[in-house]
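Here is a short tour of a protein chain, from its fold to its core. Have the viewer open as you read.

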Amino acid sequence: MFPKIKSTIEQLSFDTISEERKQVVAPLVQFIQSKANSGLPIRLNFICTHNSRRSHLSQVWAQTAAAYYNIKNVFCYSGGTEATALFPKVAETLTNSGFEIKVISKSDNPIYAIKYTTNEHPIIGFSKNYEDDFNPQSEFAAILTCTQADGGCPFIAGAEKRIPITFEDPKAFDNTPLQAEKYQERSLQIATELLYVFSQIKSL
């Protein structure tokens, strides 16, 4: 794992996670543990409305957390109830935490290669519908990262489990003096909670 990402992770504290939030993420811990116990692939699809901010941050940090705690067979995805574009500030925020990011296709919906370590396949980041062919069609957990998607998706085809873990939208601070600070704050909250989740997984 890239040293700057490790340094970012080592500065996070699980003490900042409230008991209420630990209860919110508990079903995700249970899902991952049950798959790990059975030796089955762990597929996580993080779903938001536009697949532009919180769902991408969650996908990237979950994959990184799995690697950090050496939890095998974890495959993280993201999608939206509609497709827009990965918001550039998200890529910038992740870069500031140590990720290496390249734009591999420029368009209204750019495609990013996001790396957390030298030898693993990059995470491919672009906005897509959660049902897109790029994402798993069955045997996955659907994690709803925003209240709008949570309310708008009472049923997600193919999902074994539906888990709401919602975060406040940093979009509220776009084009304000607080934008960079709030994106970093949200990214690190997501990182802390997902690292906590994977820290709870017991290897067999």
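## Fold and overall shape

Reading from the N terminus, the elements of the chain follow the order α-α-β-α-β-α-β-β-β-β-α-β-α. That comes to six helices and seven strands, in what is a predicted model.

The radius of gyration of the chain is 16 Å, close to the 17 Å that the globule rule gives for 204 residues, so the chain is as compact as a globular protein of that length. Its C-alpha trace spans about 45 × 35 × 35 Å along the principal axes.

Among contacts in the chain with a separation of 6 or more, 69% are between residues 24 or more positions apart.

## Inside the chain

Of the 204 residues, 49% count as buried. The largest nonpolar core holds 45 residues, and those with the most contacts inside it are L28, I32, L44, W61, F99, I143 and F198. Helix α6, residues 179-199, gives the most to this core, with eight residues.

Leaving aside neighbours within four places in sequence, F198 is in contact with I32, L44, A62, A65, A66, Y69, I71 and V74. There is also a second, separate core of six residues, including Y130, F140, A142 and I156.

## Surface and charge

What is the accessible surface of the chain? It comes to about 9800 Å², of which 49% belongs to carbon and sulfur atoms.

As for charge, the chain carries 20 positive and 21 negative side chains. The centres of these two sets lie 4 Å apart.

Definitions and conventions. Residues are numbered from 1 along each chain as its sequence is written. This is a predicted model: local features need pLDDT of at least 70, side-chain atom pairs count only at pLDDT 80 or more; totals for chains, interfaces and linings use all residues. Side-chain values use heavy atoms; hydrogens and water are left out. Helices (H or I, at least four residues) and strands (E, at least two) are DSSP runs, numbered from the N terminus. The radius of gyration is taken over C-alpha atoms; the globule rule is 2.2 Å times the number of residues to the power 0.38. Buried means under 20% relative accessible area, exposed over 50%, partly exposed in between (1.4 Å probe, protein chains only). Contact means heavy atoms within 4.5 Å. Accessible areas come from the Shrake-Rupley method with a 1.4 Å probe; for residues, only the protein chains shown count as cover. Lys and Arg count as positive and Asp and Glu as negative; His and the chain ends are not counted. The place of a charge is taken as NZ of Lys, CZ of Arg, CG of Asp or CD of Glu. A nonpolar core is a set of buried Ala, Val, Leu, Ile, Met, Phe, Trp, Tyr and Cys residues joined through side-chain atoms within 4.5 Å.
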